[in-house]
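Welcome, and take a moment to look over the model below. The paragraphs after it will walk you through some of its features.

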Amino acid sequence: IFEHAIDTVIFMFNTNTTPFNVTATNMSGNWSANVNVTHIVEGHHIMTVFSNDTSSNVNQSVTIGFTVDRTAPNTTSIIFNASSSNNYTTDTLTCYAKGEDNLMKTLTAYYEIYGNVAGAPNLLYSSGSVSVTNGTIISIINVSSPNLVVGEYWNCSVKFYDGFTNESEWNNHSVTIRGITAGDTLTSDLTLTSDVTCSGDCLIIGGDNVTLNLGGNSITGNG
């Protein structure tokens, strides 16, 4: 406060419920006050600074916005699936998640992708964070097909942060990678990574313009 004859400084809090005032104390020219925010409800609030000099001139030119947030965001959806929905080695895995918060428009999604591969259980494939819109499900990260092996178990873990509070627990979804088996229905292009032996119906083409590439492998059976 740029005034030599300040008499009183008051902080007025508009807390969306019951406004209240706090009288500041002059500490060698710096006016300050302690406020117990436990009595202020969660939400966005405004504090206005009023100053009064010894000539009764009043100024209220300083306004500060602040947020009280005690509630962590919540993961309301997490989906880890394959591009063909069959969890083949030729698929791409994608982790989707949605977080919701009662105050903030933008959240941070922290993620970790683990692959339980042969000889290396719980191997960290990738980790990081992305900015997301509150209440919107988005793609967090992909795992491409060259990393997938039959029998592997992959897990996507997500938790959200609203700028004030983290979720306390990770939220998880997992998939197990499998090979082509007799009776599978193909709805997208596929390249075999191993031979397929079957009896009766072997592989069913479940849509138009679906290409099956043997990739140097064979399909045998009596169907």
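This is a predicted model: local features need pLDDT of at least 70, side-chain atom pairs count only at pLDDT 80 or more; totals for chains, interfaces and linings use all residues.

Residues are numbered from 1 along each chain as its sequence is written, and side-chain values use heavy atoms, with hydrogens and water left out.

A nonpolar core is a set of buried Ala, Val, Leu, Ile, Met, Phe, Trp, Tyr and Cys residues joined through side-chain atoms within 4.5 Å. Buried here means under 20% relative accessible area, exposed means over 50%, and partly exposed is in between, using a 1.4 Å probe and protein chains only. The largest such core has 21 residues, and Phe80, Leu93, Cys95, Ile113, Trp154 and Val158 have the most contacts inside it. At least two residues of this core come from each of strand E7 (74-82), strand E8 (93-100), strand E9 (106-117), strand E11 (138-143) and strand E12 (153-161). These labels follow DSSP runs numbered from the N terminus, with helices (H or I) of at least four residues and strands (E) of at least two.

Contact means heavy atoms within 4.5 Å. Setting aside neighbours within four places in sequence, Phe80 is in contact with Leu93, Thr94, Cys95, Val143, Trp154, Asn155, Cys156, His173, Ser174 and Val175. Apart from this core lies another, of ten residues, including Tyr88, Ile180, Leu190 and Leu192.

What do Cys95 and Cys156 form? They form a disulfide, with their sulfur atoms 1.9 Å apart; the term covers a pair of cysteine sulfur atoms within 2.5 Å. The count of disulfides comes to one. Cys95 sits in strand E8 and Cys156 in strand E12, so the pair links distant parts of the chain, 61 residues apart. The link of Cys95 and Cys156 is left-handed, with -80° about the S-S bond. Cys95 is buried at 0% relative accessibility, and Cys156 is buried with a relative accessible area of 0%.

Now to the way strands line up. Two strands pair if DSSP finds at least two bridges between them. E7 and E8 run antiparallel and are joined by eight bridges, and Ile79 has Tyr96 in E8 as its bridge partner.

Elsewhere, E1 and E5 run antiparallel and are joined by eight bridges. Phe11 stands opposite Val49 in E5. Strand E5 (residues 43-53) is mostly covered, with eight of its eleven residues buried.

Next come the aromatic rings. A pair of aromatic rings is described by the distance of the centres and the angle of the planes. Rings of Phe, Tyr and Trp (its six-membered ring) pair if their centres lie within 6.5 Å, and planes under 30 degrees apart count as stacked, over 60 as edge-to-face and the rest as tilted. By this rule there are four aromatic pairs. The rings of Phe13 and Phe66 have centres 6.0 Å apart and planes at 80°, so this pair is edge-to-face. Phe13 lies in strand E1 (residues 6-14) and Phe66 in strand E6 (residues 58-68), 53 residues apart. Phe13 is buried, at 5% relative accessible area, whereas Phe66 is partly exposed at 22%. Ring pairs link Phe13, Phe20 and Phe66 into a cluster.

Finally, look at two asparagines. Asn87 has a positive phi of about 65° although it is not a glycine, and its place is in the loop between E7 and E8. Asn209, also not a glycine, has a positive phi of about 55° and is found in the loop between strand E17 (204-205) and strand E18 (212-213). Is each one buried or exposed? Asn87 counts as buried at 19% relative accessibility, while Asn209 is exposed, with a relative accessible area of 75%.
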